[in-house]
Number of protein chains: 2
Amino acid sequence: MDQEPGFIAAVEEAKLGYAEGGVPIGAALVSKDGQILGRGHNMRVQKGQPGSAEMSALENSGRLPASAYEGATMYTTLSPCDMCTGACLLYKVKRVVIGENKNFLGGEELLKSRGKDVIVVDNQECKDLMEKFMKEKPELWNEDIAV
Amino acid sequence: MDQEPGFIAAVEEAKLGYAEGGVPIGAALVSKDGQILGRGHNMRVQKGQPGSAEMSALENSGRLPASAYEGATMYTTLSPCDMCTGACLLYKVKRVVIGENKNFLGGEELLKSRGKDVIVVDNQECKDLMEKFMKEKPELWNEDIAV
């Protein structure tokens, strides 16, 4: 699973976010035929506003008809927060592939209850990057999840 | 309720969105002491990407600490979609004031189940504007909610 292009793109995005001094969470939205529709990372620091990774991937995919989301997969390096969970529900992606949920557990149960396939990869690289960030910038992380 | 500054701002935003040829849904985030932290409208057409009203209001409020959302109210002209429902949950607003839910019913039950005060104003102006838009541009509305 973590060799799929969408997952690799999500991890690249997370690293890019870290390099920019931001919250290192990345995501990629991939169509059922394997095309990356959009990819992005958390933009809170970079844009000075709320901007989660999955939201960035959706935004970067532009305006799409409902058919584009049919059978699509959202790859994300971290368990999706409530907002990104809702975005996955609204845009009716079929599958959500999650790098890890040890550092944060989001709306996985809600996704499952609404018929999404939720797959947690438990990827070591994702865990290490997020843990490192949370130790380095705990205030920024708390700000991002409003605690 | 529909005389509160936040609600008036949300309706103004919806009209602005309509005037721009976009999806006429507006929102405003107001702190517990009555300050408008951010306001905005659906930006799908204007930005060429997903961008619901509540998301725009949150984005336009910039980077805020968790304390800013304590006791805050999200005003929106239309019942919030799954994504905006999730955004209200993530940012822990206390109250969600909704112009109408006749033209679209979103995540009101989920908001209530997570302890939010949900108030539906059933405002005629909101209903008329949304109904007019849905008749004029049904494809755009379907695109916005991915159906």
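## Exercises on a predicted two-chain model

In this predicted model, strand E1 (residues 26-30) of chain B is joined by 4 bridges to strand E3 (residues 73-76) of chain B, and the two run antiparallel.

**Exercise 1. Describe the sheet of chain B to which these strands belong, and explain why strands E2 and E5 each have one side without a neighbour.**

Solution. Begin with the order of the strands: the open sheet of chain B has 5 strands, arranged E2-E1-E3-E4-E5, and their pairing is mixed. Next, look at the ends of that order, where strand E2 (36-41) and strand E5 (117-120) of chain B stand at the edges; each has a single partner strand, and therefore one side of each lacks a neighbour in the sheet. As for orientation, neighbouring strands of this sheet are turned against each other by 15° on average, with direction ignored.

**Exercise 2. Decide whether A:Val30 is buried or exposed, and find which residues it touches.**

Solution. First place the residue: A:Val30 lies in strand E1 (residues 26-30) of chain A. Its relative accessible area is 7%, and since buried means under 20%, A:Val30 counts as buried. Then list its contacts, leaving out residues up to four places away in sequence: A:Val30 touches A:Gly6, A:Gln35, A:Ile36, A:Leu37, A:Ala72, A:Thr73 and A:Tyr75.

**Exercise 3. Find which residues have the most contacts inside the largest nonpolar core, and follow one of them to the residues it touches.**

Solution. The largest nonpolar core has 72 residues, and within this core A:Trp141 and B:Trp141 are the ones with the most contacts. Taking the copy in chain B, and again not counting residues up to four places away in sequence, one finds that B:Trp141 touches B:Val23, B:Ile25, B:Leu78, B:Phe104, B:Met130, B:Phe133 and B:Met134.

**Exercise 4. Work out how chain A is related to chain B, and through which surface the copies meet.**

Technical notes. Residues are numbered from 1 along each chain as its sequence is written. Chains are lettered from A and ligands numbered from 1 in the order in which they are written. This is a predicted model: local features need pLDDT of at least 70, side-chain atom pairs count only at pLDDT 80 or more; totals for chains, interfaces and linings use all residues. Side-chain values use heavy atoms; hydrogens and water are left out. A nonpolar core is a set of buried Ala, Val, Leu, Ile, Met, Phe, Trp, Tyr and Cys residues joined through side-chain atoms within 4.5 Å. Buried means under 20% relative accessible area, exposed over 50%, partly exposed in between (1.4 Å probe, protein chains only). Contact means heavy atoms within 4.5 Å. Two strands pair if DSSP finds at least two bridges between them. Axes are lines fitted to C-alpha atoms, for helices over the stretch in contact, and angles run from 0 to 180 degrees between N-to-C directions. Copies are superposed by least squares on the C-alpha atoms of residues with pLDDT of at least 70 in both.
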